Amino acid sequence: IIFSNRLGPNYLFAPTLNTFPHPSPYPHGDPSPPPSIPCTKVGPAPPFAMASTPTAPLSSSEEELLSMDLSRLRGRCEALGLLPAGTPSVLRNRLRKSTAATAGPLAPVLPDASAPTKAEPSEAIADLPPVFPTVAGYRAFRATLRGSRVGLVPTMGCLHEGHLELVRLCATHCDHVVVSIFVNPAQFAPHEDFDAYPRQLQADLKALAGTGVSTVVFAPSSKEMYPQACPDHPTLPLKTLPASYVDVERFVAGKAEAMSRKGFFSGVATVCTKLFNIVQPDVVVFGKKDRLQCFVIQQIVSSLNMPIEVVLAETFREPSGLAMSSRNKYLTPALAESAAGIYKAMCSGRELYRSGELSVQNIIEHVSSGLNVIPTLKIVYVVLSDPHTMTDYGVSDSLPAGAGAILSLAVTVGDPSTGGTVTRLIDNLDL
């Protein structure tokens with residue numbers, strides 16, 4: 001039974017037969033529903049008998065809002081096993097007709113500017129997550145979720161199965177999942193692949209729709225996120241940055257990944273802080289493949305007193321062991337096959353550590369020897385870090401016995417001399 005109230009929340013009542021032990025569906029009488037909640041009482045009529053009642057067509061804004069509601073409703077129903085996957089259009093048509101028959105046309109509660117954009121032709125929009133391209137639009141939607149627990153999965157798009165697993169994990173921690181899709185210019189150096197970074201919003205929306213999780217997408221433009229330009233700054237790579245930003249360079253100073261990507265972590269910290277302020281999540285989910293980035297996010301949330309739970313997921317890998325990454329799209333099949341050796345080299349280093357080896361130099365040399373046999377691969381760095389502070393150990397150090405460590409590396413694969421693309425890959429492993 002669907003109770004649809006356009007001025008308040010929607011409710012789904014999905015009882016079992018044991019819920020109604022009395023002859024009447026109302027064990028304590030037959031109270032009239034509040035006048036603000038249009039509903040249909042249970043009676044002898046067959047289910048959805050109102051579907052044959054002629055109804056007025058919905059406007060485009062009403063259709064978008066209804067599609068957004070149904071997307072959330074469908075995810076809840078499928079999660080509870082109440083609906084088989086792949087039946088959204090049936091539910092959509094039935095609910096649309098029954099709602100219009102009992103309550104008349106729906107009155108949108110969001111202004112036109114905040115309505116989700118159509119990502120596909122109108123006949124397919126109910127199957128895809130709603131997309132909010134503006135901060136104002138998303139905030140108007142967020143205001144309708146007061147009292148609910150909201151989760152955020154920040155991404156740069158080009159979603160792979162690892163991203164989708166993060167979405168599924170996020171759904172177990174909250175009532176509503178928001179996925180941000182934004183290729184952040186603030187974390188790319190001028191010589192890096194900002195322009196070439198794969199962008200495929202339509203494919204991303206379809207991938208999200210296939211997770212069985214009801215999601216909302218926040219997909220702003222660079223101008224929407226950084227409306228004011230600022231002068232060059234030594235630790236920030238682009239000019240199109242806000243005059244105010246989050247500088248974490250002192251925190252990451254001396255760490256291998258930060259030294260190989262100047263300004264990267266301030267760019268990440270700035271965009272994540274902005275996303276947290278816009279989305280207002282109760283929980284955020286990140287994957288551990290970008291380990292130092294995860295640590296930076298945890299420090300930001302803690303030091304700036306953000307009321308956000310940070311959930312970290314293990315790195316998702318291809319069957320070959322290669323860590324899933326959007327940049328894997330750059331790899332030819334041959335390079336992807338050879339890059340699987342990265343994980344094998346790391347596992348070899350872990351086995352050496354677990355055999356009792358504590359010399360940082362010996363472990364790094366052992367891992368490096370496994371990497372150097374991979375064709376076209378060049379090592380950027382291999383380091384061991386303290387798992388609690390992410391401080392890199394020196395090559396002359398010995399690891400504290402029983403304390404553990406994180407083995408991290410960055411490499412490039414590809415041969416530019418043959419016209420191929422050189423791809424930078426990172427990975428890490430807990431020893």
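**Notes on the predicted model**

1. Let's start with the fold as a whole: among contacts (heavy atoms within 4.5 Å) in the protein chain between residues at least 6 apart in sequence, 70% join residues at least 24 apart. The secondary structure comes to 13 helices and 11 strands; helices (H or I, at least four residues) and strands (E, at least two) are DSSP runs, numbered from the N terminus. Of the 431 residues, 47% count as buried, where buried means under 20% relative accessible area, exposed over 50% and partly exposed in between, with a 1.4 Å probe and protein chains only.

2. A word on the ground rules: this is a predicted model, in which local features need pLDDT of at least 70 and side-chain atom pairs count only at pLDDT 80 or more, while totals for chains, interfaces and linings use all residues. Residues are numbered from 1 along each chain as its sequence is written, and side-chain values use heavy atoms, with hydrogens and water left out.

3. Now for confidence, given as pLDDT (the predictor's confidence in each residue, from 0 to 100). The protein chain averages 76, and 66% of the residues score at least 70. Helix 13 (residues 360-371) has the highest confidence, at 98, and helix 2 (residues 88-103) the lowest, at a mean of 40. Residues 3-7 stay under 50 throughout, and the model has 19 contacts for them beyond four places in sequence. Residues 19-55 are also below 50, with 32 contacts in the model beyond near neighbours in sequence. Where pLDDT is low, the predicted coordinates should not be read in detail.

4. Because 14 of its 16 residues are buried, helix 9 is largely enclosed by the rest of the structure. Just after this helix, glutamine 280 takes a positive phi of about 55 degrees.

5. How does helix 3 (residues 135-142) pack with helix 9? The angle is about 45 degrees, and the axes are 9 Å apart. Axes here are lines fitted to C-alpha atoms, for helices over the stretch in contact, and angles run from 0 to 180 degrees between N-to-C directions. The two helices are therefore oblique to each other (under 35 degrees is roughly parallel, over 145 roughly antiparallel, 65 to 115 roughly perpendicular and the rest oblique). On the helix 3 side, Val135, Tyr138, Arg139 and Arg142 meet Asn277, Ile278 and Val279 of helix 9.

6. Helix 10 (residues 291-303) has 13 residues and reaches 18 Å between its first and last C-alpha, close to the 18 Å expected. Its buried residues include Leu292, Phe295, Val296, Ile297 and Ile300. Just after helix 10, asparagine 305 has a positive phi of about 55 degrees.

7. Arginine 354 lies in helix 12 (residues 341-354) and counts as exposed at 53% relative accessibility. Leaving aside neighbours within four places in sequence, arginine 354 is in contact with Asp430 and Leu431. Alanine 203, in helix 5 (residues 201-209), counts as partly exposed at 38% relative accessibility. Alanine 203 and cysteine 158 are 45 residues apart in sequence, with 7.9 Å between their C-alpha atoms.

How values were computed:
The expected span of a helix is 1.5 Å times one less than its number of residues.
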